[in-house]
Amino acid sequence: MHASTPYRRAAVIGGGVIGISWTGLFLAHGLDVVVSDPRPDVREQVLAGLDGITPALAELGLPTGDLTARLRFEADLATAVADADVVQENGPERLAVKQEIWQVVEQAAPAHALLATSTSGIPATAIAEAMRQPERLVVGHPFNPPHLVPLVEIVPGEHTAPHTLLQARDFYASLGKKPQILRKEIPGFVANRLQSALFRECVHLVAEGVVTEAELDEIVTASIGLRWAVAGPFRTFHLGGGPGGLPHFLQHLGRAMEAIWPGLGSPTFDEPTVALLTAQAEEAFAGEPVGELAARRDRAQIALMRALAATSHEPTEEIEETEEETEEEAAA
């Protein structure tokens, strides 16, 4: 197979947007994939979705010829995971549903299988309450779309075993992802919390009439978006501190930044706000199908990733770590 991983067979639970994206990535890396979803039209939906993301996979340099040759569908969950090396669950974002799914999976999947949920906010601890072996479950949360954006947040539950974290990080890294183990559980994890915090202020600024949606998008892509793609917030402000780095920045500009915080907005999605956002979106994106916008975004995203890779001189992080070190990383 193309990925340097012992995993050969993947079971993807849920054939929605995230499930399709994982499926395409797994197939492109040479895994045999079975998709399990009870919907009668799941085959048509998944195949159509794979057609849509194949150009991006090809742009990444992954083989896409006969992409679906190793793909099959199995509605029965226990049968689908019976010989899986990795199970990636992307079911409905409802705790009771996920608990039911994982009760079945842990009984039917092989003992060596990596068990990961793509939940975007439900803690692994809560999902694993219904499991007999909660140490096997870990959150493997991608940033949409998983086949393209490198980040995967690996989040342990209270009972997740350290070797499960290593399993997950090794697996996702073998697919070309940039997995990040969080040191403790927190609702919404990290990337979504950051995105939510920024979007809250975006909604506030538009609702207050400071800028339009289109103007705000241009402001972000021409400033923060560019800067944070190269250096994250802390490195950015470290560089902003000159020779003194972040300590100098905090000493001289920290209080001025802090003074802005109480004035940040706390908007709600009430009817007037939703109506305003909807009207501006219709004006900004009218006449452009979402599929075309997404394809254009993907091409630009790949070009940016290539440019960053070409200019990066940082050493590649090693995946192999001791179990003791991982326990420290996972400690609260």
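1. Which residues lie nearest the centre of the second largest pocket? They are Gly52, Ile53, His147, Ala294 and Asp298, among the 19 residues of its lining. A pocket here is an open set of points, on a 1 Å grid over the protein atoms alone, where a 1.4 Å probe fits, with protein on both sides within 12 Å along at least five of seven lines; lining residues have an atom within 4 Å of a point.

2. The model is predicted: local features need pLDDT of at least 70 and side-chain atom pairs count only at pLDDT 80 or more, while totals for chains, interfaces and linings use all residues. Residues are numbered from 1 along each chain as its sequence is written, and side-chain values use heavy atoms, with hydrogens and water left out.

3. The space in the second largest pocket is about 360 Å³, a volume being the space filled by probe spheres set on the points. Helix α13 gives the largest share of the lining, seven residues. Helices are DSSP runs (H or I, at least four residues), as are strands (E, at least two), numbered from the N terminus. By residue class, the lining holds nine nonpolar, six polar and four charged residues; Asp, Glu, Lys and Arg count as charged, Ala, Val, Leu, Ile, Met, Phe, Trp, Tyr, Cys and Pro as nonpolar, and the others, Gly among them, as polar.

4. Side chains of opposite charge can pair when their charged atoms come close. A salt bridge is taken as a side-chain nitrogen of Lys or Arg within 4 Å of a carboxyl oxygen of Asp or Glu, and the count by this rule is 10.

5. Glu59 is partly exposed at 38% relative accessible area, and Arg306 is partly exposed at 46%; buried means under 20%, exposed over 50%, and partly exposed in between (1.4 Å probe, protein chains only).

6. Arg9 and Asp85 also form a salt bridge, at 3.5 Å from N to O. Arg9 belongs to strand β1 (residues 9-13), whereas Asp85 sits in the loop between α3 (77-81) and β4 (86-89), 76 residues apart. Arg9 is partly exposed at 32%, but Asp85 is buried at 5%.

7. In helix α11 (residues 245-260), Arg255 and Glu258 are three residues apart, which means about one helical turn separates them. Their side chains meet in a salt bridge of 2.8 Å, N to O.
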